[in-house]
Amino acid sequence: MATIAYEPRRPNIATANVQLPAVRDYEQVDNEITATLRPSKAWFALLMVAMSCLALGIASWMYQIQQGLGVAGYNPPVMWGVYIISFVFWVGIGHAGTLISAILYLFRAGFRTTIYRCAEAMTVFAVMTAGLFPILHLGRPWKFFWLIPYPNWRLLWPQFKSPLVWDVFAISTYLTISTTFLFVGLIPDIAVLRDREKNPVRKRILAFLSFGWRNTEREWRHFARAYLFLAAVSTPLVLSVHSVVSFDFAMALTPGWHTTIFPPYFVAGAIFSGIGMVFTIIIPVRKYFRLQHFVTLNHLDAAAKLCLTTSLVVGCAYMVEFFIAWYGGVKAEQDYFWNRVFGQWWWAAWIMLTCNMILPLSLFSQKLRRNPSWLWILSITINIGMWFERFVIVVPSLSHEFEPWQWTTYAPTWVDYSILLGSFGWFFMWFLLFVRQFPVIAIAEVKEIVPPRLRHAHAHTPETADDFEPETPGVNF
Amino acid sequence: MRGVLGHFKELDGAVEAITELKQARLGDVTVFTPTPRHEFEVAIAPPPSPVRMYMLFGGLAGCIFGYWIAIWASNYWPLVVGGKAFGSWIPYTIFGFEVFVLIGALSTVAGLFIHSRLPRLTMMVGYDPRFSQGDFGVWVECAPDRAASAAELLRKHGAVEVRSER
């Protein structure tokens, strides 16, 4: 009788050369990953905190609707402030999810397997959060749908040459595709939950959400192909979305904005900030649910290298901006950049440079790349630094345009801060609800890494788990 | 639909059973696996998935629609902006691209559902919840006179449980 060789070749998913030595069989994968779905007091407490922040944000928004946008600190010509800054910030956060789930999938980067579900969910909720800010920024938010092209009795259509309409298409497409990508990937895992569920009501809901998925070879074949194509179109999409967001600025003649480097600069910054937020989320999740043997130090190390690379790209973009201002010889540009770094907004610019360029250089140290505590602290500074990057892009330009008599200042008010806090509450509320309902690690993809049970031992079968040292640098990818 | 279901704990046993079932031509074989495995793909040798065509045609339709809606609306409500033509194809490439991705991706998901025969209202015969967890299943759709041969073959390759269903 012929013996079937176990050869983990040409995997359907991005599992190339990644191993989880402490994960021994499929049952362990199911048991340990689905254990994250059990509610706990800490989960309820965090949810309450998130919902309280959200309630504060909603109350502030209602106050703003009643009083007008003036309560948000707008003072001509600085008519873009915290809301547009936060819009760009949250769209940026959303980019890492698609990078990790789609781009790294196409590159067969194995370390994505155990972190991509969190990153994808983060993307969806971050884009949902970002989409609120242009609406919050409207004086009459109930008329936001006027930006959507649809046949109407006024026979009016949006201006398709406006970057704001480009944004509507880009962001709504991105939200739809990210949600689709997340949900399609979840279907096999929902089927696992359905088959383990004892509660009949919950079982019915899960059966509905899994569309009757049965794990047949036929389903997997079409699933793998569809997933590949979704990844293939999500890759240029993720690059296009933040390019389009950058056009909101680059299409204007304002000093500091009218530059061709903006699309790649924004995309790199978005990926950098998104990876920062992935660390902010995945490190506590990993520790709290005791998933260190799924999200190993090797995975964090690889993600930290990606973080370092994008930090260097962003740092390079900052330097190029300064160089172009000097080399271009445009007085208004030179004054603007001087004012940004050494003038009125020096504090914001130096927070940005310190958090985004200087502190991430610590990731050249392998010891620090493999230190989850340091990675988490660094991720918080990256989040702060990237928010200030958008502050430095938006506010100094508007407050220091061509005419000196127009030069002014800007200070966010308590309404701005409350709504910003509310946006974090909104984001984390959805994320916490997600964590409670769906697996935070892709069960089916992890099972593809785990060697299956075999009748006949074979030379190609990987050694036992004890033969690996999971925390040894550079072993697994 | 009637047939025999073999329940396997080991991957290689299931693959060997499928290979032999195909050679013996006892009936159509359906495999249940908790995760996609190329070993099954090799044993079954299925045709390529047509899902790619949904992406191609859906994407093309979306791209055409994206350009069309922008050009049509600009001509319908003619307003010169920045001295550019009403139908400026360069900025409208954004709409062409975004709608290409949107419709192409949604068509791909539609293709996945159509060809996987989803959504499925019932689990139908031959399914066992253990197949989503760690075990493998081989369902042979065959006439009653061949069921005994199929069951024997499944057992020979290590099926821990063999049962007839209809």
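Two residues are taken to be in contact if their C-beta atoms, placed from the backbone, lie within 7 Å. The structure is a predicted model, in which local features need pLDDT of at least 70 and side-chain atom pairs count only at pLDDT 80 or more, while totals for chains, interfaces and linings use all residues. Residues are numbered from 1 along each chain as its sequence is written, and chains are lettered from A, with ligands numbered from 1, in the order in which they are written.

The contact between the chains draws 62 residues from chain B and 58 residues from chain A. On the side of chain B that touches chain A, α1 (11-24), β2, α2 (38-44), α3 (51-76) and α4 (89-115) each supply at least two residues; helices (H or I, at least four residues) and strands (E, at least two) are DSSP runs, numbered from the N terminus. The largest share of this side, 16 residues, belongs to α4(B).

Turning to strand β2 (residues 28-32) of chain B, 4 of its 5 residues are buried (20 or more other C-beta atoms within 10 Å of their own, C-beta atoms being placed from the backbone), so the strand is largely enclosed by the rest of the structure. An antiparallel arrangement with strand β3 (residues 136-141) of chain B is joined by 5 bridges, where strands pair if DSSP finds at least two bridges between them. Within this pairing, B:Asp28 has B:Glu141 as its bridge partner.

Conventions
Buried ≥ 20, exposed ≤ 12 C-beta atoms within 10 Å, placed from the backbone.
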